[in-house]
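Hello,

I am handing over the structure below. Please open it first, then read my notes alongside.

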Amino acid sequence: MYEEIQKTASWLKERMTTNPKTAIILGTGLGQLASEITDSCEFPYSEIPNFPVSTVEGHAGKLIFGKLGGKDIMAMEGRFHFYEGYNMKEVTFPERVMYELGIKTLFVSNASGGMNPLFKIGDLMVITDHINFFPEHPLHGKNFPTGPRFPDMHEAYDKRLIALADDIAKEFNITLQHGVYLGVQGPTFETPAEYHMYHLMGADAVGMSTVPEVIVARHCGIKVFGMSIITDLGGFDTPVEVSHEEVQKAANGAQPKMTTIMREMIRRA
């Protein structure tokens, strides 16, 4: 696997015209940020050696190199999920490639279900911590030489970047929630009882991605900032039916606010 990662990174280096230190993962319905990228060069996942391919609606499935906020950036428009049938080494393959390309900071976004009673649909939640509820750990197996066998995770999400996001949100009059994200395998949305259990465990939002990517990024020494769009609510007295189409709609409605914060963070970080 490590040789495949290096070969993929070499293939990209031969074709890149920029030198990004920052990467972004654009999740469900969050592709609008890609339109903000200028001087872009795009590579469909299907053309990149050893790269998995997105199979989920709303995930374009391409790697973009260009400029955002005046900085060279690398963006994944669409990610890979455990529920698609990929193993965790495949799900986190892009983060390993990012490290080989010299990425130092990773911005992660997702759509998630909110369980905090203070949340409402369309809220932006800065991820302050996470709970890993996936059945397979992304660092299981032989340790990669990019980090220690037992990596510390006391600050999975960079406090300085969180503070910067708060400052920008105040400046642009954008309300930000803060909370703990819980990652599950999916692909079913949560039952009312599961929502309730996860909230009792200390989670404010739940989704089917992000946690494996963050673990591998931190193992590689890459700083992480994460943000969720609350696209549905659960765990309350009245159960609410949810669909992927509704999740995308809610995510699309919140995109302008998230785009503003991400763009300004990248410009100032």
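**What I found**

F134 has a relative accessibility of 9%, so this residue counts as buried. Keep in mind that the model is predicted.

**Rings around F134 and F82**

F82 is buried too, because its relative accessible area is 16% and the limit for buried is under 20%. F82 and F134 form an aromatic pair. The ring centres are 6.4 Å apart. The planes stand at 85° to each other, and the pair is edge-to-face. This pair links distant parts of the chain. F82 sits in the loop between β4 and α2. F134 sits in the loop between β6 (124-132) and α4 (159-171). The two are 52 residues apart.

**Rings around F51 and F80**

How many aromatic pairs are there by this rule? The count comes to ten. One of them is formed by F51 and F80. It is edge-to-face, with 5.8 Å from centre to centre and 70° between the planes. Distant parts of the chain are linked here as well. F51 lies in the loop between β2 (38-44) and β3 (62-68). F80 lies in the loop between β4 (71-77) and α2 (88-91), and 29 residues separate the two.

Are these two residues buried or exposed? F51 has 8% relative accessibility, so F51 counts as buried. F80 has 2%, so F80 counts as buried. Both also belong to a cluster: ring pairs link Y45, F51, F80, Y86 and F93.

**Helices α1 and α3**

F93 comes up again here. Helix α3 covers residues 93-100, and helix α1 covers residues 2-13. Their axes come within 9 Å and cross at roughly 60°. That angle makes α1 oblique to α3. The crossing is right-handed. From α1, the contact is made by Y2, E4, I5, Q6, T8, A9, L12 and K13. From α3, it is made by F93, R96, V97 and E100. What kinds of residue make up this contact? Six are nonpolar, two are polar and four are charged.

Q32 is in the loop between β1 (22-26) and β2. Its relative accessibility is 30%, so Q32 counts as partly exposed. Which residues does Q32 contact, leaving aside neighbours within four places in sequence? They are Q255, P256 and T259. T259 is 227 residues from Q32 along the chain. Yet the C-alpha atoms of Q32 and T259 are separated by 7.6 Å.

Best wishes

How values were computed:
Residues are numbered from 1 along each chain as its sequence is written. This is a predicted model: local features need pLDDT of at least 70, side-chain atom pairs count only at pLDDT 80 or more; totals for chains, interfaces and linings use all residues. Side-chain values use heavy atoms; hydrogens and water are left out. Axes are lines fitted to C-alpha atoms, for helices over the stretch in contact, and angles run from 0 to 180 degrees between N-to-C directions. Helices (H or I, at least four residues) and strands (E, at least two) are DSSP runs, numbered from the N terminus. Angles under 35 degrees count as roughly parallel, over 145 as roughly antiparallel, 65 to 115 as roughly perpendicular and the rest as oblique. A crossing is left-handed if the near helix is turned anticlockwise from the far one by less than a right angle, and right-handed if clockwise. Contact means heavy atoms within 4.5 Å. Ala, Val, Leu, Ile, Met, Phe, Trp, Tyr, Cys and Pro count as nonpolar, Asp, Glu, Lys and Arg as charged, and the others, Gly among them, as polar. Rings of Phe, Tyr and Trp (its six-membered ring) pair if their centres lie within 6.5 Å; planes under 30 degrees apart count as stacked, over 60 as edge-to-face and the rest as tilted. Buried means under 20% relative accessible area, exposed over 50%, partly exposed in between (1.4 Å probe, protein chains only).
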